[in-house]
Amino acid sequence: MRLKVITSNPGKVEEYQRMFGDLGIEMEHARIPYDEIQTSELEEVVRKGMDALRSQGLKDFIIDDSGMFVDALKGFPGVYSAYVQKTVGNDGILTLMEGVEDRGAVFKCCIGCDIDGETIIVTGECPGVILKEGRGEKGFGYDPIFSHDGKRSFAEIGLEEKNSVSHRGDAVKLLRERLKALADL
């Protein structure tokens with residue numbers, strides 16, 4: 001079985017290959033442009049992206065979208081997380097959170113998979129908190145300011161531990177279960 005991973009990030013393809021290789025699924029990197037709609041729900045972004053890719057004749061692929069949803073900011077930056085990270089970064093989020101007691105946040109990852117004409121959409125979550133300062137050298141994006149355990153940032157833990165507790169790790173576990181059931185692997 002072979003799936004195209006639609007992304008501009010080759011590291012993500014390697015990550016998927018590590019997570020699905022034992023199921024006999026081979027991942028192929030594909031940079032195929034499509035319009036990503038702006039909406040407040042990750043699943044809707046993924047579903048519309050899948051529709052756009054299918055309209056180009058594409059089959060057997062994976063796309064995903066992730067976001068950090070901060071309770072005190074009414075879910076912001078949410079689906080706009082990538083844009084907010086590029087424009088104001090972690091310092092901007094920390095500035096918005098100055099003096100805010102409720103530090104609750106949740107990372108979400110929605111993965112859409114088209115396989116043999118079937119549509120699978122799963123969403124993984126990782127609840128946590130926004131730290132008062134950035135910490136750690138590992139990871140990327142919001143990792144230095146997000147903590148799943150209230151003690152260490154994602155940028156302070158190793159990749160293996162992060163994958164076992166993260167939103168993407170949770171979504172991958174759900175997708176693996178669905179793919180196993182579908183293919184009877």
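Predicted model: local features only at pLDDT ≥ 70, side-chain atom pairs only at ≥ 80, totals over all residues.
Buried here means under 20% relative accessible area, exposed means over 50%, and partly exposed is in between, using a 1.4 Å probe and protein chains only. Residues are numbered from 1 along each chain as its sequence is written, and side-chain values use heavy atoms, with hydrogens and water left out.

**Asparagine 163 and its surroundings**

- Asparagine 163 sits in helix H5; helices (H or I, at least four residues) and strands (E, at least two) are DSSP runs, numbered from the N terminus.
- Skipping neighbours within four places in sequence, asparagine 163 is in contact with Glu15, Arg18, Met19 and Gly169, where contact means heavy atoms within 4.5 Å.

**The largest pocket**

- The largest pocket comes out at a volume of about 1200 Å³.
- Its lining counts 39 residues, and Lys12, Asp64, Asp65, Ala82 and Arg168 lie nearest its centre.
- Helix H1 (10-20), E3, H3, helix H5 (159-165) and helix H6 (167-183) are the elements giving two or more residues to that lining.
- E3 supplies the largest share of the lining, 6 residues.
- By type, the lining splits into 15 nonpolar, 13 polar and 11 charged residues.
- For those classes, Ala, Val, Leu, Ile, Met, Phe, Trp, Tyr, Cys and Pro count as nonpolar, Asp, Glu, Lys and Arg as charged, and the others, Gly among them, as polar.
- How it was found: on a 1 Å grid over the protein atoms alone, a pocket is an open set of points where a 1.4 Å probe fits, with protein on both sides within 12 Å along at least five of seven lines, and lining residues have an atom within 4 Å of a point.
- Grid points are joined across faces, edges and corners, and the volume is the space filled by probe spheres set on the points.

**Strand pairing around E5**

- Strand E5 (residues 104-115) is mostly covered, with 11 of its 12 residues buried.
- E3 and E5 run antiparallel and are joined by 10 bridges; strands pair if DSSP finds at least two bridges between them.
- In that part of the model, methionine 68 stands opposite phenylalanine 107 in E5.
- E5 also pairs with E6, again antiparallel, over 12 bridges, and isoleucine 111 stands opposite valine 122 in E6.
- Isoleucine 115, in strand E5, counts as buried because its relative accessibility is 2%.
- Leaving out residues up to four places away in sequence, isoleucine 115 touches Met1, Leu3, Asp60, Ile120, Leu179 and Leu182.

**Nonpolar cores**

- The largest nonpolar core has 20 residues, and Phe20, Met27, Ile111 and Leu175 have the most contacts inside it.
- Strand E1 (2-6), H1, E5, E6 and H6 are the elements that give two or more residues to this core.
- Another core, of 16 residues, lies apart from the largest one and has Leu73, Val84, Ile145 and Phe146 among its members.
- A core here is a set of buried Ala, Val, Leu, Ile, Met, Phe, Trp, Tyr and Cys residues joined through side-chain atoms within 4.5 Å.
- Phenylalanine 20 touches Ile25, Met27, Val172, Leu175, Arg176 and Leu179, not counting residues up to four places away in sequence.

**Helix H4**

- In helix H4 (residues 89-96), the buried residues are Gly89, Asn90, Gly92, Ile93 and Leu94.
- The buried residues of H4 pack against strand E3 (61-70), strand E4 (77-78), helix H3 (81-87) and strand E6 (118-130).

- Phenylalanine 76 and proline 77 are joined by a cis peptide bond, with omega about 5°, and proline 77 is in strand E4.
- Aspartate 60 has a positive phi of about 55° although it is not a glycine, and its place is the loop between helix H2 (42-55) and E3.
- Aspartate 60 is classed as partly exposed because its relative accessible area is 22%.
- Aspartate 116 takes a positive phi near 50° in the hairpin of E5 and E6, which has 2 residues between the strands.
- At 63% relative accessibility, aspartate 116 is exposed.

**Out on a loop**

- Glutamate 137 is in the loop between E6 and strand E7 (146-147) and is exposed, at 79% relative accessibility.
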